[in-house]
Amino acid sequence: REDDRIRFDALDARIGQASIAVNGSIGDPPTYEGTELEIAVEGPNLADFSGLFGHSLPATPFSITGGFTKASGAIQLEDVQARIGQSDVAVDGTLRTENAGVGTELTIVAGGPSATEIGPFIGRTDLPNDEWRVAGRATLLSRGVRLEGVSGSLGELRVAADGTVGTEEGLVGTDVELRIQEPDLRHLADLATVAEMPAEPLRAHGRVVVSEAGFEIHGVEAISRDIAVTAEGHIGRPPGLDGTDLELSARGSGLDRWSALTGITLPDDRFEVDGGLRLSDGGYGLQEITVTLGGTRATIHGVLFPHDDLAGTEIRLDIAGESLRETGRVVAITTGMTMPELPELPFSLSSGLAIDGAAYRVDGLRATLADSNAVVDGRIGRGPRRVGTDLRFSAQGSDASFLAVITGATVPAAPFQLSGGVQRYATGYEFDRLVARIGRYRADVDGTVGEWPRLVGTDAVVHASGPSLALV
């Protein structure tokens, strides 16, 4: 004993098969201030200490060396080196012993040839047999951990982080800048135990802030080969994500490579997506979302309620394309629908759509196909046989032959005109000055037509004329 401390010179001890060597001195209790120790511990089987740590440890050789100095309210770690199996850990810094450790500052460098060795320490038994590395500085705050220059790797996956990770429930208080680089997303999918991903590289970065209301994301960008996605805004808390308010942008080509992940067969055409998304009270607010796919461009604005009957949905849709046939091909790919042979003509469609429990309300539908155009307003009933439908419409053009796609009949390449109104009742239809003309053919209907085939209640005036009965 020397003054106010006990000194050890080459103290050796054994616990089971492990050996312990201690040099230095221990200060007097209860503070132990002035303690200065050099410690070396090694053993053939770390599993022998499982009971001491309260959970299962791997059966692997280990060693620990380093200096420990006890000062007022802290323990200084100097060149602490640990080896567990083939993995190495180096730690320097200060452990605060008061105020729940707030103020602890550690610099850590660790790594090894196989992540399977560290799995038991982080509760993962499914880590790959890949080389791993972690380095950086961590400071314990009252409600989080501040990360400075922290980087990690697993195989070819690279992750870097700076900022604060919150320690409250739900990671509230987190404000961290992240950077991720992965040459093969299949590796990342395996680690995250998510659905199959394509063999694509990924580079991503952005800032994430976590609050009780959800997640703020700033400057988030992800690039996978020739696809780039950016996002900015707020994501609400699960499960409903209510309060989400995001600005999104994506562009690139080769969406077909992501079909397995999305569960939708996607085309390989070049695409662009821009717009805003708002989630509130079960509705999806679509803020001028513009989608360009190949030669087709669509813009949608409004609110969509994605429950079974879509009631409450109110949107405005504008779509135009260089070729109706090409757009039909994309629709067939993504939906699995069998599409008819559509004409190779430019087209456009603009309409408002509102949905309630009884009908689809069509507001100012305008459509063009080459030089043909149509206007439709009214309601389409949602009941059996579309009862409740009430539509006004007009259409004209220089070539009616494309109508063969709709009617399934042969239609001559002649000018056409269609106008009038129709209402659907439970007992039949009421036509209001319905006029149809194709070339020299003309039919006018005004009045009520009962249900087919008995036509009970029919009271209509019909005029029809033409050069032959070919269209009848």
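## Salt bridges

A salt bridge is counted where a side-chain nitrogen of Lys or Arg lies within 4 Å of a carboxyl oxygen of Asp or Glu. This is a predicted model, in which local features need pLDDT of at least 70 and side-chain atom pairs count only at pLDDT 80 or more, while totals for chains, interfaces and linings use all residues. Residues are numbered from 1 along each chain as its sequence is written, and side-chain values use heavy atoms, with hydrogens and water left out.

The whole structure contains 27 salt bridges. One of them joins aspartate 377 and arginine 366 at 3.8 Å, N to O; aspartate 377 belongs to strand β22 (residues 372-381) and arginine 366 to strand β21 (residues 359-369), so the contact ties together parts 11 residues apart in sequence. Strands here are DSSP runs of E with at least two residues, and helices are runs of H or I with at least four, numbered from the N terminus. Aspartate 377 is partly exposed at 29% relative accessibility, as is arginine 366 at 40% (buried means under 20% relative accessible area, exposed over 50%, partly exposed in between, with a 1.4 Å probe and protein chains only).

## Aromatic pairs

There are 3 aromatic pairs, defined by ring centres of Phe, Tyr or Trp (its six-membered ring) within 6.5 Å, with planes under 30 degrees apart counted as stacked, over 60 as edge-to-face and the rest as tilted. Phenylalanine 49 and phenylalanine 62 have ring centres 5.6 Å apart and planes at 80°, so they are edge-to-face, and both residues are buried.
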